[in-house]
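Here are my notes on the model you sent over. Have it open while you read, and go through the points in order.

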Amino acid sequence: MRGIEVKTGVGTKSATSTSVELADGSIIPTRTIVATIGNGPNQLVAALGLDMHWGRIKTDRFMRVPGHEGLWAVGDAAEIPLVEQPAEDPLHYAPQTAQFAVREGRQLAHNLMAKTKETELKPFAYTSKGSLASLGMSKAVAEVYGVKLSGWLAWLLWRGFYLSFLPGFAAKLRVLVNWVLNLFVPPNIVLVESTLPGTRYIHYRTGDKVLEPGMLIDGFYTVVKGALKLTIDNPKTGEHFEKLFGPGEHFGERVLLKSALRTGLVMALEDSIVLWISQKDFTRLARAFPVLDNYFRDYIESTFGGAEKSFAPGSANHQAELETLP
Ligand SMILES: Cc1cc2nc3c(=O)[nH]c(=O)nc-3n(C[C@H](O)[C@H](O)[C@H](O)COP(=O)(O)OP(=O)(O)OC[C@H]3O[C@@H](n4cnc5c(N)ncnc54)[C@H](O)[C@@H]3O)c2cc1C
């Protein structure tokens with residue numbers, strides 16, 4: 001099926017920047033992860049210390065949190081029963097969908113007014129009108145009031161439904177015009193701007209290869225937690241170099257002096273977290289703070305025997321180009 005393998009009945013246990021571990025212990029090596037939906041409780045909600053079930057705050061049918069006068073819960077964070085005596089059955093509770101969240105919000109507003117006016121509260125009750133899912137490429141599947149649709153018609157319905165939910169006339173018009181235009185003149189992808197932050201924490205699992213010979217030099221790494229090992233081999237001269245890095249230690253500083261390709265292999269010896277600083281930001285910092293620059297040059301001299309030491313045979317490394325100051 002279009003080169004896609006679908007795995008059912010198994011969740012994701014953890015992910016690092018080079019692999020994904022599934023709940024059954026199998027590991028999928030990858031540097032690209034596309035997550036489509038989160039299914040864990042919001043951190044703030046989980047920290048409230050309320051009675052939770054399936055990661056959601058337990059409520060009664062009126063969306064009140066039992067035992068906490070004046071506290072109500074709705075939406076994804078709430079587990080609202082749809083029947084009087086709910087069992088351990090997801091169908092007995094409001095599902096975590098926008099369709100339900102919007103209705104719950106309306107019903108909650110009604111109940112809050114009723115509480116103030118000391119009139120009768122209404123239990124939450126709503127039957128889904130159906131479901132819609134876009135498949136991309138102007139195709140979708142839909143089931144509306146029991147009628148099943150697929151293809152272009154379902155896609156049109158999906159778009160109409162989402163358009164109706166956009167707040168305000170201006171937003172609706174802007175999106176509609178954009179969609180119609182895209183039908184006739186699809187957008188040209190000529191520039192994809194990178195909005196990646198200049199620093200980020202990266203997780204590695206034991207055995208993950210952090211850097212490999214031949215990879216482009218991209219930044220500077222400081223170990224925050226764990227242990228990693230650098231190995232550089234030069235088969236031509238037989239030179240072998242090894243170094244261990246623990247918390248507070250760093251690697252990749254040679255980006256200050258050289259550019260082009262990595263010559264060594266860095267591997268995680270245990271589950272580790274490193275702070276990555278982009279090459280551009282790191283060179284800027286070192287350039288602006290001579291103390292930093294001096295520290296790294298001394299470090300390279302004492303650790304690697306100097307900046308000119310390339311270790312790898314036929315290394316294409318060359319002097320890094322400095323950016324023009326503003
Ligand atoms: C990828 C994806 C696709 C989905 N597709 C569909 C779909 O096709 N149809 C459908 O019906 N449902 C869909 N859902 C589910 C739907 O989005 C949710 O059920 C719905 O948004 C729940 O509404 P909510 O108000 O409870 O939570 P949310 O819409 O998540 O709103 C919670 C808000 O609280 C804010 N917040 C979080 N923490 C804090 C904090 N500490 N302080 C202040 N603000 C905070 C968040 O930024 C957010 O704005 C999808 C969900 C995802 C993730």
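1. Leaving aside its neighbours within four places in sequence, which residues is A140 in contact with? They are L132, A133, S134, L135, A154, W155 and W158; contact here asks for C-beta atoms, placed from the backbone, within 7 Å.

2. Before going on, a word on the ground rules. This is a predicted model, in which local features need pLDDT of at least 70 and side-chain atom pairs count only at pLDDT 80 or more, while totals for chains, interfaces and linings use all residues. Numbering starts from 1 along each chain, as its sequence is written.

3. Back to A140, which sits in strand β8 (residues 139–144); strands (E, at least two residues) and helices (H or I, at least four) are DSSP runs numbered from the N terminus. A140 counts as buried because 21 other C-beta atoms lie within 10 Å; the cut-off for buried is 20 or more, with 12 or fewer for exposed and partly exposed in between. R159 is 19 residues away along the chain, and its C-alpha atom is 9.7 Å from that of A140.

4. Now the sheet around that strand. It is open, has three strands in the order β7-β8-β9, and pairs antiparallel; pairing needs at least two DSSP bridges between two strands. β7 (130–136) and β9 (147–151) are the edge strands, each pairing on one side only. Between β7 and β8 there are six bridges, and G136 has K139 in β8 as its bridge partner. Helix α3 (residues 152–165) packs on this sheet and touches β7, β8 and β9. The direction of α3 makes about 75° with that of β8, going by lines fitted to C-alpha atoms (for helices, over the stretch in contact) and angles from 0 to 180 degrees between N-to-C directions.

5. Next, helix α5 (residues 279–288), where F282, T283 and A286 are buried. They lie on the same side of α5 because they cover an arc of only 95° around the axis, taken from the directions from the helix axis to the C-beta atoms. The buried residues of α5 pack against β12 (219–225), β18 (272–278) and α6 (290–304).

6. Last, the ligand. It is surrounded by 13 residues, the closest being G75, D76, T97, A98 and A101; the test is a C-beta atom, placed from the backbone, within 6 Å. Helix α2 (residues 98–117) gives the most to this shell, with three residues.

Note on methods
Two residues are in contact if their C-beta atoms, placed from the backbone, lie within 7 Å.
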